[in-house]
Amino acid sequence: MYEFIFYCSSVVAVVAAGAILVVRQPVHAVLYLIVSLLALALLFFLLGAPLLAAFQVMLYAGAIMVLFLFMMMVMNLRIERNRSLRNRSLLRPASWGGIALLALLLWLILLLLFSRSSFNEIDSITVIGPTAVGNALFGPYLMMVEAAAILLLAALVAALYLSQRGKR
Amino acid sequence: MSFTQWLLTFASMGLVLLGLLLIGALLSYGERRILALLQDRIGPNRAGPFGLLQPVADILKLISKEDFIPPFADRMVYTVAPVIVPMTVLMSFAVVPISEDEWLADLNVALLYVLALSSLRVYGLMLGGWASNSKYSLLGGLRSAAQMISYELPMGLALVGIVILSGSFSLREIVAAQELPFIVLQPLGFIIFLVCGIAETNRLPFDLPEAENELAAGYNTEYGGIRFAFFYLGEYLGLLLIAALATVLFLGGWHGPWLPGVVWFSLKTLVLILLFFWLRTSLPRLRYDQLMAFGWKWMLPAALLNLLVTAVLGLFWMEG
C-alpha cells in the first residue's frame, strides 16, 4: 500500500512538473508547481523525513508560492492571445541541449556518490524525528545555520533599501 | 497493515467526516440564534423545534439551486477553489486528540502539519477570487492572501513557546504535558494565537476579504449554490478547528476533574466558540491598513518577545 502511494505521488510530481512547460495560463503553471511540491512532500514523508515534509508544505507550498500567486494577481496576468505560443518554444528539442548536459553531469555525480556508499540496507527506512534534526542543526551544522541567517538578514536589508529608494 | 485494519481506518474516517459536517451545519444555526439573542432579535425559529432543522432547509435550498459558472470565469480553477477550503480544515482534524485514548493519528510533527494545512487554506480564497475574473473577487482574494501571510507568522511563533514547554510537536504529548494548562504559563501566547486564529478564519473583526460594504461579498461574490456552501462550510469548520486547537494547546485539552475527558474537551471548545460569536456581534470591522499594521507592528513583535522570554526561562529553569 505504501509503495502504491509512493509511486502514485512520484507520477503526480513528474507529470505536474512537465505540465508547467505546456500550459499557457501563468496562474495554471503556478498551480501545477504547487501540486508538484505537495507530491514531493508526500515522498519525503514516505521516505522517513516527516519534518522535511511539513516544512516543504509550510514554506514552499504555503508561503513562497502564495507570494508568487499574490504577485500574479496584483499584476493580473492572464493569457494574451497573440503571444500565447511564446511558451511553446520550450517544447522544441533544440532548446533542451544545455539543460540535458547539466542533467547528465548531475546524474554522473549521483552515480559516483551511490557507487561509494554501501547500498544494501535500502529496504529499511529509518524515520528521522524532529528532535534528531534539531540536534543536527544546532550541533555540528550550527555555523551553516548562522551563515544562512546572516545571508537572509542581508537580503532583507537590501530589499528594504531598494523599496525605499523610489520614495526619496 | 491487514485488509481489515484498512477497512476499519476508512470506516472511522468516514464517521468522523460525517460528524464534523453535522457539527459544521449546527454551528451555522447556533451562530444565527446566538447573534439574534445578543442583538435582541428572534432568529430562525420556524423549521422544526426551535428552528433546529434550519441547516437542513438551507442545504436543501443551496443544493437545488442552478449550478452556474459565469462565462467569464476560469472554469477549472473556479470549480476546484471552493473544495480546497473545507478539505484542508477537515484534514487538520485528523491529528486533534479528543480525549486521552481517542485520536485518529498521533503524528510526531502534528503541530507543523496543522500549520502547513492552514497555510494551504488561503489558496481556496485566492484562487476563488482570481478565477471569478471580477474586480470585487480579485480584491477579496488579494486581501485574504496578504492577511493570511501577515497573521500566520505570529501564530507560528506563538506556538513555539508551547513546543519549548512540552518538548514535542505531537498534539497528544502536548496535552499530556499540561498538568497546569499552558494558558497560565503562556498568557501572551494564548492571546496572540486566538487573535491570529480569528484572522485566519476571516471572522468579523478581520473579515476584510469579504467586507460586504466595500467589496460586495469579496472572494465569493460570483459563487452560488453548492460551491458557496463549500466556502461557508470551510469557514465554520475553520472556526471549530481554531477553538479545538486552542483547547488542546492552551486550555489543557481533556484534563479536568470529575467529568470524562471528552466532556471537558467539548466544554472548553464550546466556550471558545461562544467567545468567537460574542466578538462578532461586539466588534466593528477594521480598516485594511489598520489590519496590516496591527499584524506586523504589534502581533509579530509581541510573539517574538514571548518566544524570547520563554526560551530564556526554559534555558535556566527547565531540566533536560
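So, the two domains of chain B: their centres, taken over C-alpha atoms, are 20 Å apart. Domain 1 covers 1-64 and domain 2 covers 67-317, with bounds from an automatic or database domain assignment. Keep in mind that this is a predicted model, where local features need pLDDT of at least 70, side-chain atom pairs count only at pLDDT 80 or more, and totals for chains, interfaces and linings use all residues. Residues are numbered from 1 along each chain as its sequence is written, while chains are lettered from A and ligands numbered from 1 in the order in which they are written.

Where the domains touch, domain 1 of chain B puts in 16 residues and domain 2 of chain B 17; contact means C-beta atoms, placed from the backbone, within 7 Å. On the domain 1 side, H1(B) gives the most, 12 residues. Helices here are DSSP runs (H or I, at least four residues), numbered from the N terminus.

Okay, on to the chains. Chain A brings 16 residues to the contact and chain B 18. On the chain A side, the largest share is 13 residues, from helix H3 (residues 50-75) of chain A.

Last, a helix pair. What angle do H4(B) and H5(B) pack at? About 175 degrees, with axes 8 Å apart; axes are lines fitted to C-alpha atoms over the stretch in contact, and angles run from 0 to 180 degrees between N-to-C directions. So H4(B) and H5(B) are roughly antiparallel, the word for angles over 145 degrees. Residues making this contact include Leu111(B) of H4(B) and Ser137(B) of H5(B).

Key: Two residues are in contact if their C-beta atoms, placed from the backbone, lie within 7 Å. Helices (H or I, at least four residues) and strands (E, at least two) are DSSP runs, numbered from the N terminus. Angles under 35 degrees count as roughly parallel, over 145 as roughly antiparallel, 65 to 115 as roughly perpendicular and the rest as oblique.
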